[in-house]
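Please look through the following model and consider how its chains are built and where they meet. The paragraphs below go from the parts of one chain to the contact between chains.

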Amino acid sequence: MDFHTPSSFEDASKLAAEATGLTRFLAGGTDVLVQMRSGTVLPDTLIDLKLIPGTQGITRTPDGGWRIGIAVSGARLGDHAELIADWPGVVEGMELVGSTQVQGRATLVGNLCNGSPAADSVPGLVAAQASVEITGLTGVRTVPVEDIPAGPGKTTLQPGDVISGILIPPRGEHAGDAYQRFTPRTEMDIAVAGCAISLRVDGDTISEARVAVGAVAPTVRLVPDAAAALIGSTLDDAAIDALVAAVRAACNPIDDKRGTAEFRTEVAGVLAKRVAKIAYGRAKGEAQ
Amino acid sequence: MPKDDIKEFRLVGTRPNRPDGLDKVTGRARYGADITAPGMLWGAVLRSPHAHAKILKIDTSKAEALSGVKAVVTRADFPTGLTGEEWNLQENTMAGEKALYDGHAIAAVAATSSLIAQEAVRLIKVDYEVLPHVTDVDDAIKPDAPVIREGAADASVPEGMPPNVVKYFEFGRGDMEAGFKDADLVMERSFKTEATHQGYIEPHACLGQLGADGKGEMWVCTQGQWFIRQMCSAVLGLNAAQLRVTPSEIGGGFGGKTTIFMEPLSLALSQKAGGRPVKIVMSRSEVLRATGPTASASMDVKIGMTKDGKLTAARAEFRMQGGAFPGAPVDMALYCSLAPYKIENVEHIGYDVLANRPKCAAYRAPGSPMGAFAVESLIDEMCRKLDLDPMEVRLKNAVREGDQASYGPTFGSIGLVEVLEATAKHPNLAVPLGPNQGRGVASGYWFNHNGETSVSMAISEDGTAQVSVGTPDIGGSRASIALMVAETLGIAYEDVRVNVVETGALGVNEPTHGSRATFATGKAATIAARAAIKEMCRRAANEWGIDEDAVEWVEGAAQPAGPNAGNYPPMSIKDIAKNMGATGGPISGHHESVPDGVGASFGCHVVDVEVDPETGLTKILRYLVVQDAGRAIHPSYVEGQYQGGAVQGIGWALNEEYVYGKDGRLQNPIFLDYRMPVASDLPMIDTMIVEVPNPGHPFGVRGVGETGITPPLPAIANAIQGATGLRMSHLPMTPTKVLAALKASQE
């Protein structure tokens with residue numbers, strides 16, 4: 001096995017493009033190392049990205065948004081008061097990943113690139129309209145987060161593509177987001193269903209909304225119909241019913257050891273209702 | 001032994017620090033995988049990906065050619081001609097003609113590194129002929145089910161039974177027809193429980209060394225070093241006395257480490273590699289796929305009750321699969337299921353059924369939790385139907401000393417009534433319940449066990465004492481034995497060191513199983529200490545020139561047994577020890593027996609739950625364990641056993657299960673998907689120790705390790721019925737199942 005520690009994303013991109021066999025990037029390593037130890041993934045090339053300058057940073061962008069380095073751990077996100085004030089839903093999604101020990105290493109980009117439909121941090125990023133900056137053989141480009149997952153364990157990234165940063169837009173006024181997942185246990189578990197909602201209010205009326213669901217389809221899904229059910233409403237019962245129906249309609253889960261398709265669909269609707277109330281409360285400045 | 005009249009103890013019943021505490025909190029304690037040896041090789045095991053397959057050919061040539069590989073073994077390297085349970089153990093250690101379950105060992109490799117060993121395993125090519133398989137007990141008992149093994153049934157199985165039934169049990173008493181006729185309510189229900197794993201935190205690990213001369217050593221994480229010695233010797237055709245087995249510290253066992261899995265493989269590899277020691281450490285997936293979970297069960301129960309709550313008759317018919325070998329604990333399940341109740345008319349029928357799953361091992365009160373789930377669930381439902389208090393019904397029918405047990409023998413001293421009375425008075429029962437909340441109660445039973453026991457103790461030159469025991473310390477037994485020996489000798493707890501020793505140091509000891517260590521080893525250690533006292537009294541008598549019967553032992557010193565015996569100042573243990581060389585040499589005490597006087601333990605649990613009606617999630621709000629300990633030698637460890645049993649039962653009830661796919665492969669061989677409870681899932685488990693001393697033990701000990709896992713399964717099901725009105729009859733009661741049942745009940 002070849003192990004590389006490039007000092008720039010351009011070098012990382014080249015190394016990945018030139019490598020033969022199975023290549024994995026290493027950020028926190030909380031998926032890759034576990035897969036290697038269990039023998040399910042045995043890479044021929046490992047490219048460690050953590051030594052590239054800037055990968056540990058959480059910085060404000062000139063437009064008031066955020067740029068999050070690819071090696072920033074969940075623990076650091078959870079310690080960042082300003083980011084939490086802007087995007088509590090994004091941070092609470094990441095903080096649900098793994099244990100305290102795993103939180104010291106696990107990253108948003110790793111959670112995204114692992115390609116799990118149940119990745120807890122991804123619905124929050126999708127609802128937040130976050131994007132990723134990709135350094136590839138042809139240069140740097142920016143892609144919406146929801147376009148990265150392609151199916152369980154698969155992404156749309158091409159050989160030589162390496163994510164070099166996560167970009168979260170400016171939060172703006174009167175807005176809030178939230179994420180919840182369902183697991184049979186309180187922690188150390190994997191989502192059976194998850195839902196993130198980001199919305200903005202104008203007075204009591206929801207003026208913008210994005211709804212994303214996890215673990216109920218081959219990829220995390222943005223659900224425009226669910227957002228439409230919220231926009232223009234005051235989160236009254238009719239809007240909630242429409243939201244729940246739209247979320248359930250967007251579900252296309254599998255039956256497996258973690259839950260039946262019927263259960264996942266049902267609970268996704270329940271979570272959407274609960275998450276919408278939290279996000280709405282946050283948008284209105286009510287303590288949540 | 002006569003019942004000890006001493007009621008007030010100096011040390012027994014106190015809570016000193018555990019002797020192994022510092023080593024464990026500093027990481028210095030040596031567990032199975034911590035053992036290394038010069039020249040050591042690493043072993044790895046190739047396992048079957050198929051649930052049931054004929055092994056046509058195993059090509060190990062590429063593995064053997066890999067640089068660093070020192071030995072490869074298959075079943076061809078094992079002796080032939082074994083029969084009965086020894087054949088079963090050998091077959092489970094390494095597959096012969098067929099792979100019998102997903103994870104069954106096919107070949108093993110020893111190499112100079114773990115990575116090379118794993119790579120070599122991947123280079124072994126096996127040609128399989130995949131056969132039809134069966135994993136569910138109700139499917140396995142069908143007459144046309146795939147046959148796991150021809151001719152595996154023993155003499156108990158009547159002609160004409162389905163081919164996978166290998167043992168049959170039938171016993172009872174009274175007149176069933178008349179009993180049910182006397183009842184005002186007769187109900188019959190079917191129940192299922194799924195296989196669960198003990199989930200000990202330390203995976204199996206061993207280091208084995210075996211020379212061409214047949215002399216061997218093994219360091220291993222086990223509950224019983226003599227069992228390891230006997231089983232490895234049988235499977236490999238060794239002379240047992242030539243194999244010395246040393247147990248490591250143990251990170252949990254719960255019954256699952258009372259047998260062998262990869263231990264003979266390390267010895268076989270070592271011998272083939274010229275006697276170099278071979279270490280094998282299982283991964284968690286190997287532990288889940290290929291060690292010994294408990295059985296799964298399918299059960300029918302029929303009970304008759306009068307309108308004032310008197311049980312008139314009960315019939316239990318249980319079917320269990322314990323994997324591809326005989327040994328599902330269906331007999332134990334039947335014995336325990338009705339044990340808390342005095343019923344005139346009882347009938348028990350049991351089937352031990354083979355299926356394509358790993359060979360089950362003991363798991364904390366083997367069988368009892370399943371039987372309790374069926375019986376205690378049905379009794380609870382009948383109480384609700386007749387509007388009777390479940391505590392009062394349990395008390396009304398409770399067995400007492402002198403009653404004949406449902407499974408035959410007459411109970412000696414038991415404490416069920418005391419347990420139930422204490423439970424009924426506990427403040428948890430008075431806490432008001434809110435919406436979607438329910439309360440459940442259930443009783444549980446375990447026999448407890450004695451077993452072959454050999455203990456030696458010796459007085460040191462400074463008057464302190466060392467005790468050599470053969471039962472590995474899983475639940476604080478070193479502290480408890482030290483307390484009993486110190487109490488007996490009249491010295492400080494800190495002046496006793498208890499060592500768990502290797503097979504060369506003592507006579508045969510059964511493992512730490514059956515809740516026996518504090519009872520059996522504790523009793524033997526106490527008798528050994530009394531033998532040392534007798535010798536010390538003799539030394540004092542010689543010194544004083546008086547008759548040895550005229551010397552008594554009081555507060556750690558020999559003294560004349562009264563004014564007529566002589567007028568000498570007490571001679572302390574320190575004085576006697578200091579002069580031992582001049583007065584006759586070393587002073588020790590020894591005892592070996594299968595200690596009689598086992599005392600059974602009953603318990604009662606009360607649980608409050610809240611069920612989320614939108615997700616089916618069950619939250620444990622509060623949980624109470626009440627159990628008869630006989631005597632709590634070290635109450636903190638007794639409470640720890642109560643809490644641990646309850647938590648394992650909660651996992652079994654709510655989320656834990658072996659999930660097999662249509663392909664017969666285990667779907668959840670990792671802790672992410674094998675859902676044991678985590679700390680944040682649980683409230684602090686409340687405990688109450690009831691002490692009805694066991695007259696068969698010098699300090700009244702019964703044994704407390706196992707009863708506690710028995711009531712949680714039904715107690716939680718009963719609480720869920722209180723919260724939702726639903727009777728859940730198939731474990732685990734996952735959110736998926738509860739929500740589906742809620743939806744169905746609303747339609």
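This is a predicted model: local features need pLDDT of at least 70, side-chain atom pairs count only at pLDDT 80 or more; totals for chains, interfaces and linings use all residues.

The contact between them takes 14 residues from domain 1 of chain B and 16 residues from domain 3 of chain B, where two residues are in contact if their C-beta atoms, placed from the backbone, lie within 7 Å. On the side of domain 1 of chain B that touches domain 3 of chain B, α14 (477–489) and α15 (517–544) of chain B each supply at least two residues, and the largest share, 5 residues, comes from α15(B). That side of domain 1 of chain B divides into 4 nonpolar, 8 polar and 2 charged residues; here Ala, Val, Leu, Ile, Met, Phe, Trp, Tyr, Cys and Pro count as nonpolar, Asp, Glu, Lys and Arg as charged, and the others, Gly among them, as polar.

Residues are numbered from 1 along each chain as its sequence is written, and chains are lettered from A and ligands numbered from 1 in the order in which they are written.

Chain B as a whole has 20 helices and 26 strands, which are DSSP runs numbered from the N terminus (H or I and at least four residues for helices, E and at least two for strands). The radius of gyration of chain B is 27 Å, close to the 27 Å that the globule rule gives for 747 residues, so chain B is as compact as a globular protein of that length; this radius is taken over C-alpha atoms, and the rule is 2.2 Å times the number of residues to the power 0.38. Buried residues make up 57% of the 747 residues in chain B, a residue being buried if 20 or more other C-beta atoms, placed from the backbone, lie within 10 Å of its own C-beta atom. Of the contacts in chain B with a separation of 6 or more, 80% are accounted for by residues 24 or more positions apart.

Chain A has 11 helices and 14 strands. The radius of gyration of chain A is 19 Å, close to the 19 Å given by the globule rule for 288 residues, so chain A is as compact as a globular protein of that length. Its C-alpha atoms fill a box of roughly 55 × 45 × 35 Å, taken along the principal axes, and 51% of the 288 residues of chain A count as buried.

α11(A) is mostly covered, with 17 of its 23 residues buried, and just after α11(A), A:Gly285 takes a positive phi of about 80 degrees.

Where the chains meet, the contact takes 20 residues from chain B and 18 residues from chain A. Helix α20 (residues 735–746) of chain B gives the most to the side of chain B that touches chain A, with 3 residues, and the residues of that side divide into 7 nonpolar, 9 polar and 4 charged.

Technical notes. A residue is buried if 20 or more other C-beta atoms lie within 10 Å of its own, exposed if 12 or fewer, and partly exposed in between; C-beta atoms are placed from the backbone.
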